[in-house]
Amino acid sequence: MESFINTKWIATAASIWIQCTGGASYTFGIYSSILKSSQSYDQSTLDTVSVFKDIGANAGILSGLLYSTVTFRRSRFHSGPWVVHMAGAVQCFVGYFLMWASVVGLISRPPVPLMCLFILLAAHAQTFFNTANVVSGVENFRDFGGTIVGIMKGFLGLSGAILIQMYATLCEGDPTTFILILAITPTLVSLLLMPVVKIYRTSTVDDKKHLNGFSSIALIVAAYLMIIIILENIFTLPLWVRIITFIFLLLLLASPVGIASKAHRDSERLLQGPSPETSYLMDDPEPMLSTRYAEVQQEHVEYHDIPGEPGQAKAASSSSSSSYGDLIEDKEEDINLSQSVLTVNFWLLFIAMICGMGSGLATINNISQIGESLGYTTIERSSLVSLWSIWNFLGRFGAGFVSDIFLYKGWPRPLFMVITLATLTFGHLIVASGFSGNLYLGSIVVGICYGSQWSLMPTVTSEIFGVRHMGTIFNTIAIASPVGSYIFSVRIIGYLYDKEATGEDNSCYGSRCFMLSFFIMASVAFLGFIVAFVLFIRTRKFYRQVVLPRLRHSQLS
């Protein structure tokens with residue numbers, strides 16, 4: 001039993017369960033109305049609070065630094081991803097509990113800056129859960145980074161819909177109680193499961209097969225949630241039906257342990273093979289070959305050079321054939337954060353994510369208000385928030401899974417950023433149009449394209465800059481999301497909405513409330529498309545000469 005618990009498969013299952021409760025920030029649309037009314041906020045103030053939620057949920061530099069520190073220490077009791085999970089659990093409970101206490105009047109109504117601090121702290125926990133699960137997953141499945149990131153990010157995206165099902169079953173439409181549940185549930189799940197989330201140095205030829213098993217479960221859970229949401233939109237489900245459907249959901253979420261058990265049995269059989277020479281189970285003690293090594297090999301790739309540096313003008317000399325084996329032997333460390341910010345590619349990624357993640361996040365933060373202005377019912381607005389989690393999941397999971405397939409065929413992963421950001425432009429135009437049912441179609445397009453960035457960006461980061469400091473670097477780039485959200489939510493959407501609003505409740509009705517805002521965001525998404533295309537042009541040679549050979553070498557070895 002102990003050998004089963006101490007495997008990367010159980011670690012993956014535990015990470016999935018933590019991810020399923022870790023995305024509480026995606027449910028802001030459920031309790032934003034009670035927060036607005038209980039604290040007497042106008043729309044701009046509510047958007048400001050939501051921006052601090054976005055900052056907390058995306059500014060994961062501290063979680064990345066903590067992960068890099070504790071996973072490379074030798075201490076038995078003060079190292080490993082569990083330390084990162086513990087830090088996240090404490091922040092989650094404190095932040096959401098104080099928010100709940102403010103809403104119910106347990107403490108006096110806090111000033112806006114203090115409420116911003118509460119929600120920032122609560123959402124900041126998400127970066128700790130996410131960093132520990134995603135980076136440990138990449139380290140455990142180095143040859144299928146896109147797939148494992150897609151799985152982890154996908155379940156995080158589904159967590160919004162999962163938590164909303166919990167809200168519908170346990171809270172009976174009371175968002176105040178839901179805030180208290182958000183304080184308790186992710187905290188308990190993380191504390192219970194964090195001891196088994198570890199990093200392992202093994203790989204097998206069956207890794208992809210079993211990862212596909214986890215992927216299948218994710219798709220089944222997403223399909224089940226979508227069916228439940230649609231049924232709730234059509235019918236009024238009695239409480240006993242909600243309880244049954246929620247129990248079945250929990251059973252589906254328990255199924256990853258079955259995949260983990262099968263993977264463990266297969267690994268045991270391989271270990272009992274005829275001889276060590278023919279065993280397919282391989283120790284993999286060395287860190288992932290960093291693409292940093294390609295930077296110092298001038299004959300392979302020069303794109304990392306900072307403009308103006310002497311080495312930038314060097315031509316590729318001999319050794320297109322001297323080859324990849326030389327890189328294998330290189331023991332130089334991966335690029336760290338301070339080195340990465342001096343590269344053009346870091347800032348291209350950052351700007352593209354401001355445009356893609358920022359505009360997408362601004363959409364979900366305001367989707368309930370958009371629906372209200374267009375005459376959608378309360379149930380329809382709740383359905384839109386829940387369905388957003390499904391589309392978000394499909395983008396996160398699908399982009400990672402599909403980009404892995406095409407990467408082995410020679411397609412650079414940044415190309416998928418180009419495609420999704422171009423599509424995002426059309427999604428914002430659909431929301432701006434205001435035609436009947438536009439939010440359903442628009443939220444599908446924007447949700448999938450927004451979710452794709454969360455899978456593609458961390459994986460591209462690990463391929464360009466290496467895996468050792470991946471947590472710190474991708475969490476730094478992720479700051480682009482709240483930066484963009486602040487610009488688009490507060491300075492554009494909130495400002496233009498308040499200009500159109502009338503009456504004592506500062507409300508606005510009609511397509512005019514958000515049309516101009518989303519035309520602006522469509523233009524921003526198009527800018528992101530252009531920036532991502534530049535990144536693709538700059539890195540396509542690098543992917544062809546370094547990333548793809550590394551993957552093929554790993555398969556052959």
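**View 1. Glu463 forms a salt bridge with Arg413, with the closest N and O atoms 2.5 Å apart.** A salt bridge here is a side-chain nitrogen of Lys or Arg within 4 Å of a carboxyl oxygen of Asp or Glu. Glu463 lies in helix α19 (residues 438-465) and Arg413 in the loop between α17 and α18 (414-433), so the pair ties together parts that are 50 residues apart in sequence. Salt bridges that share partners join Asp404, Arg413 and Glu463 into one network. In the Arg413 and Asp404 bridge, N and O are 3.1 Å apart. Arg413 has a relative accessible area of 1% and is buried; Asp404, at 3%, is buried too. Glu463 is also buried. Buried means under 20% relative accessible area, exposed over 50%, and partly exposed in between (1.4 Å probe, protein chains only). Helices (H or I, at least four residues) and strands (E, at least two) are DSSP runs, numbered from the N terminus.

The model is predicted: local features need pLDDT of at least 70, side-chain atom pairs count only at pLDDT 80 or more, and totals for chains, interfaces and linings use all residues. Residues are numbered from 1 along each chain as its sequence is written, and side-chain values use heavy atoms, leaving out hydrogens and water.

**View 2. Lys8 and Asp207 meet through their side chains in a salt bridge (2.9 Å, N to O).** The pair links distant parts of the chain, 199 residues apart. Lys8 sits in helix α2 (residues 8-22), Asp207 in helix α10 (residues 207-234). Both residues are buried. The structure holds five salt bridges.

**View 3. Cys508 and Cys513 are joined by a disulfide, S to S 2.0 Å.** A disulfide is a pair of cysteine sulfur atoms within 2.5 Å. By this rule the count is one. The link is left-handed, with -90° about the S-S bond. Cys508 and Cys513 are both buried.

**View 4. The largest nonpolar core has 153 residues.** Such a core is a set of buried Ala, Val, Leu, Ile, Met, Phe, Trp, Tyr and Cys residues joined through side-chain atoms within 4.5 Å. Tyr31, Tyr96, Leu158, Met417 and Met457 have the most contacts inside it. Helix α16 (residues 344-373) gives the most to this core, with 14 residues. Tyr96 touches residues including Ala24, Tyr31 and Ile179. Contact means heavy atoms within 4.5 Å.

**View 5. His124 is found in helix α7 (residues 112-140).** His124 is buried, at 10% relative accessibility. Among the residues that His124 touches are Gly56, Leu62 and Gln91.

Terms used
Lists of a residue's contacts leave out its neighbours within four places in sequence.
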